[in-house]
Amino acid sequence: MLEKALDGSKTYWAWIIFLLAVMGVGSIFYIIQLQKGLMVTGMSRDVSWGFYIAQFTYFVGVAASAVMLVLPLYLHNQKEFKKMVILGEFMAVAAVVICMGFIVVDLGQPQRMLNVMLYPTPNSMLFYDMIVLTGYLLLNIVIAWNNLHAEWQRRPHPRWLQPLIYLSIVWAVSIHTVTAFLIQGLPGRHLWLTAIMASRFLASAFCSGPAILIILALIAKKFTRFDPGREAIRILSQIVTYAMIANVFLFLCELFTAYYSNIPGHEHILTYFFLGLHGKGALVGWAWVMAGAGILSLVILIPSRFRNNQDLLLAGLVLLILATWIDKGLLLIVGGFIPNPMGAITQYAPTGYEIMISAMIYATGLLILTILWKVAIGVKKEIGEA
Amino acid sequence: MGSNRRQFLRIAGVTTLLGLGGGITLSASSYQPEEHSAREKEARLHAGRWGMVIDTRKFQTEEDFHRVIEACHSIHNVPRDEAKAKQEIKWIWADHFEHVFPGKENPFLAERVEQNEFLLLCNHCKNPPCVRVCPTQATYKREDGIVQMDFHRCIGCRYCMAGCPFGSRSFNFCDPGPYVKDKNPDFPVRMRGVVEKCLFCYERLEEGKQPACVEASNGGLIFGDLDDPDSHIRQVLREKYTIRRKVDLGTEPSVFYIV
């Protein structure tokens, strides 16, 4: 089946070479980071996690692309998703690989990372995160690959996969919950110490993951004429819309709690985001772009006559992805460290190294996604589903 | 043919995994902690829970602080690089009242409190969040209450820095070697990519000595066993009103301040 990835057009190979080139250039920067240490990043004693961990948290959410198709298809018999579900599962695989990549490049001593398995520590949330991410990766590979293989051989889906599929639904919830628990239970980090953090992770994941999936599926359709189906896109964009409404609502809950209670610790970071604090406000622009993009995306996505227009839908989804990315992939992680435990403000901005190394990981994820989708679409075409 | 190859790959994969697993178990069981000599055991200072009282009245001049900080940083090979202030490493340092005790400041603070600085170091909490979050037990709590670090096990994930609500931890963003003046050969110089902090001079307690900062403090720092009601530190705590940093977080710091 994998040989289908070796048979492609010139555009396909140009794209593959482009991704390999980005990975190659990025890895030069990573080798320098390995030699010099994390001093090449913008991180500091006060802001000790930055762009890498923020991308990790965002891409855990992107991995939700699978469950938002698997759950309606297998629990509610939403047959429209039958064709598209493989794309969602393979995208989850790529997203989890991206997550793992960002954790590895963030480590000060990456060659020791297996210490997490050698000295298993059940009181650390990072231990559970390792388990749930690895598990989710394996579940999606096994389920998607075996289902596709069965389709290719024109046999029914293997029965032994059924329990794994149900498990993968619960497991998907666990990856967002545990990743939220990484930061939600830390004393003294006001932005993170909120009981709705896991709910926010779920809401944000369930809108951003499928949103990216829809856009990528429409791009793939342009190049391969594999149509995931009008109805599938329509229903999925509805799911995205409701999840985004929940996501924005939960964010507004945070604003209310902080400003109505008037407790300085809760207010400070939000004020820093939107207005700046003590004369410092490096993220003010980003915060307002997030707010604007978030609101505008809902204005486009909520009325069904806008949403069912493909051009408007695309615009709405792009705005949604921008808003959720700024929220989780930029502000949320850095915000936990501002102000620092002494109440002082140290600002953070990623360096060129962080951007290039991140590009390397993005390209790796895209390469995996391209290859897996190429195989999947190749099989679908062969069996006459495309 | 196809299914044969698949079966072979499956068997090969499972065998490899088993082999890796076996290797890990073997190497873990061959690890034996180093034995201490009998002489060292005799001289060693013991406690149920080590703690410290900082008598802030005895830290008035810049020299009072400098002496204590230097005593610690010089023997522990703490690197000094003025150019990289944001990524600096510090085990013990000083800051203003509103930074040391955020939430306890008020607009009409006594002049002495408002203008003076206060010492900061790891609190060696009874419920340390850094230990709770560490995924490799590179940070762990010893039986005598010291929150200890294994620099060789730390993977540099910096989860402990996010977990510590006191900002007591520093990360080696670069190789500290070139920035250590007059290396002390009796204490390890760290490598890049690991976290470090004050360790209550566990190495000096082994030799029957008080922590370096305490020794250099001219009585400004009182160090002792919080579990022993007859210890000097408990006597001081009985007689003087003391405060701790951020007690509402439930970490139970072992460092007390007489203000």
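Colleague: Which residue of chain B is in contact with A:Trp192?

Modeller: This is a predicted model, in which local features need pLDDT of at least 70 and side-chain atom pairs count only at pLDDT 80 or more, whereas totals for chains, interfaces and linings use all residues; side-chain values use heavy atoms, without hydrogens and water. Residues are numbered from 1 along each chain as its sequence is written, with chains lettered from A and ligands numbered from 1 in the order in which they are written. Contact means heavy atoms within 4.5 Å. Leaving aside neighbours within four places in sequence, the contacts of A:Trp192 include A:Trp49, A:Met197, A:Phe337 and, from chain B, B:Ala162.

Colleague: Is A:Ser208 buried or exposed?

Modeller: A:Ser208 is found in helix H8 (residues 197-224) of chain A. Beyond four places in sequence, A:Ser208 is in contact with A:Tyr58, A:Leu320 and A:Thr324. Because its relative accessibility is 1%, A:Ser208 counts as buried.

Colleague: Why is helix H10 of chain A described as largely enclosed by the rest of the structure?

Modeller: What covers the buried residues of H10(A) includes helices H9 (230-261), H11 (284-301) and H13 (310-335) of chain A. Among the buried residues are A:Glu267, A:Tyr272 and A:Phe273. H10(A) (residues 264-274) is largely enclosed because the buried residues number eight of the 11.

Colleague: How many residues of the lining of the largest cavity are charged?

Modeller: On a 1 Å grid over the protein atoms alone, a cavity is a set of points where a 1.4 Å probe fits but cannot get out, and lining residues have an atom within 4 Å of a point. The largest cavity is lined by 13 residues, with A:Trp49, A:Ile53, A:Phe56, A:Leu126 and A:Leu182 nearest its centre. Asp, Glu, Lys and Arg count as charged, Ala, Val, Leu, Ile, Met, Phe, Trp, Tyr, Cys and Pro as nonpolar, and the others, Gly among them, as polar. The lining therefore divides into 10 nonpolar, two polar and, as charged residues, one.

Methods
Helices (H or I, at least four residues) and strands (E, at least two) are DSSP runs, numbered from the N terminus. Buried means under 20% relative accessible area, exposed over 50%, partly exposed in between (1.4 Å probe, protein chains only). On a 1 Å grid over the protein atoms alone, a cavity is a set of points where a 1.4 Å probe fits but cannot get out, and a pocket is an open set with protein on both sides within 12 Å along at least five of seven lines; lining residues have an atom within 4 Å of a point.
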